[in-house]
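Give the cut-offs along with the values.

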Amino acid sequence: MPLRVLALDLERTLISDANSVAPRPGLVKFLAFCHDRFERVVLFTTVEEADAQSALDQLVDRGQVPAELLAPLKCVTWTGEYKDLGFIADAVPEDVLLVDDDGGWVRPGQRDQWVAIAPWDGGPDRELLRVQQVLLERLGVSPI
Ligand SMILES: [Mg+2]
C-alpha cells in the first residue's frame, strides 16, 4: 500500500506549544517537503481544533510560515487514548505516517506507521531536517 497521507503532531513537533507558538527551526522547508511528497498532510494533535487553528494563524500573521503551507492542514477529529490513524478520513492506517514526539499517543499495532521526532521547546535544532530523510527512506527514495 503506498504511503499517501502524512499526519503531523503540533506541539513539540512543529511548534513549541500552542501558547507561545514558536516555529521549530526548518519548519517552512519541512512543510513544503511534506506537501511535495504526500498527497495529503493533516494535523493530528491533542490541542483543541480552535486553539490549533489559532496557532497556525499566528504563524501566518507573523510572517513565519506562508499561508499556503498551513491552509491545507486540516485537524483530525478524534477521541480516546491513542491517535488512532483510523480516525483519518479516506485513508487506511497503512496509508499513513505519523510524525510525533510522544510515542505514548501511538496506538499499539500502528507503531510501524510512527516516525519519532525529538521534542522541541526552543533553541537550535535539526530534527525536521533529519525527519525529512527518514520520510524519504520510508517512501523508498534514496537519500541524495
Ligand atoms: Mg507533541
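Is W78 buried or exposed? W78 is buried, with a relative accessible area of 16%. Buried means under 20% relative accessible area, exposed over 50%, and partly exposed in between, with a 1.4 Å probe and protein chains only.

This is a predicted model, in which local features need pLDDT of at least 70, side-chain atom pairs count only at pLDDT 80 or more, and totals for chains, interfaces and linings use all residues. Residues are numbered from 1 along each chain as its sequence is written, and side-chain values use heavy atoms, with hydrogens and water left out.

## Aromatic pairs

A search of the whole structure finds two aromatic pairs. Rings of Phe, Tyr and Trp (its six-membered ring) pair if their centres lie within 6.5 Å; planes under 30 degrees apart are stacked, over 60 edge-to-face, and the rest tilted.

F44 and W78 form an edge-to-face pair, 5.4 Å centre to centre, with 65 degrees between the planes. F44 lies in the loop between strand 2 (40-43) and helix 2 (49-61), and W78 in the loop between strand 3 (74-75) and strand 4 (96-100), so the pair ties together parts 34 residues apart in sequence. Helices (H or I, at least four residues) and strands (E, at least two) are DSSP runs, numbered from the N terminus. F44 is buried, and so is W78.

W78 and W105 have ring centres 5.6 Å apart and planes at 85 degrees, so this pair is edge-to-face. W105 sits in the loop between strand 4 and strand 5 (114-116), 27 residues from W78. W105 is partly exposed, with a relative accessible area of 27%. Ring pairs link F44, W78 and W105 into a cluster.

## Nonpolar cores

A nonpolar core is a set of buried Ala, Val, Leu, Ile, Met, Phe, Trp, Tyr and Cys residues joined through side-chain atoms within 4.5 Å. The largest has 34 residues, and L8, L43 and L135 have the most contacts inside it. Elements giving two or more residues to this core include strand 1 (5-8), helix 1 (27-37), helix 3 (67-70) and helix 4 (127-138). Helix 1 gives the most, with five residues.

What is L135 in contact with, leaving aside its neighbours within four places in sequence? L135 is in contact with L6, F30, F33, F38, L97, V99 and V115. Contact means heavy atoms within 4.5 Å.

## Metal site

The protein donors of the magnesium ion are D9 (OD), E11 (O) and D101 (OD), lying 2.0 to 2.2 Å from it. Donors are N, O and S atoms within 2.8 Å of the metal (3.2 Å for Na, K and Ca); water is not among the atoms, so sites may look incomplete. Along the chain, the donors follow the spacing D-x1-E-x89-D. D9 lies in the loop between strand 1 and helix 1, and D101 in the loop between strand 4 and strand 5, so the two tie together parts 92 residues apart in sequence.

D100 lies in strand 4. Not counting residues up to four places away in sequence, D100 touches D9, T13, K83, W114, V115, A116 and I117. The C-alpha atoms of D100 and R12, 88 residues apart along the chain, are separated by 8.4 Å.

## Cysteines and accessibility

The search finds zero disulfides. A disulfide is a pair of cysteine sulfur atoms within 2.5 Å. The sulfur of C75 is 16 Å from the closest cysteine sulfur, in C34, too far for a bond.

| Residue | Relative accessible area | Class |
|---|---|---|
| D9 | 5% | buried |
| C34 | 0% | buried |
| C75 | 17% | buried |
| D100 | 0% | buried |
| K29 | 67% | exposed |

K29 is found in helix 1. K29 and R126 are 97 residues apart in sequence and 12 Å apart in space, C-alpha to C-alpha.

## Record

UniProt lists residues 5-135 for "domain: FCP1 homology", in an unreviewed entry. Positions are in the numbering used here, feature names are shortened, and annotations may be inferred rather than shown by experiment. The end C-alpha atoms of residues 5-135 lie 12 Å apart, and the span is 28% helix and 14% strand.
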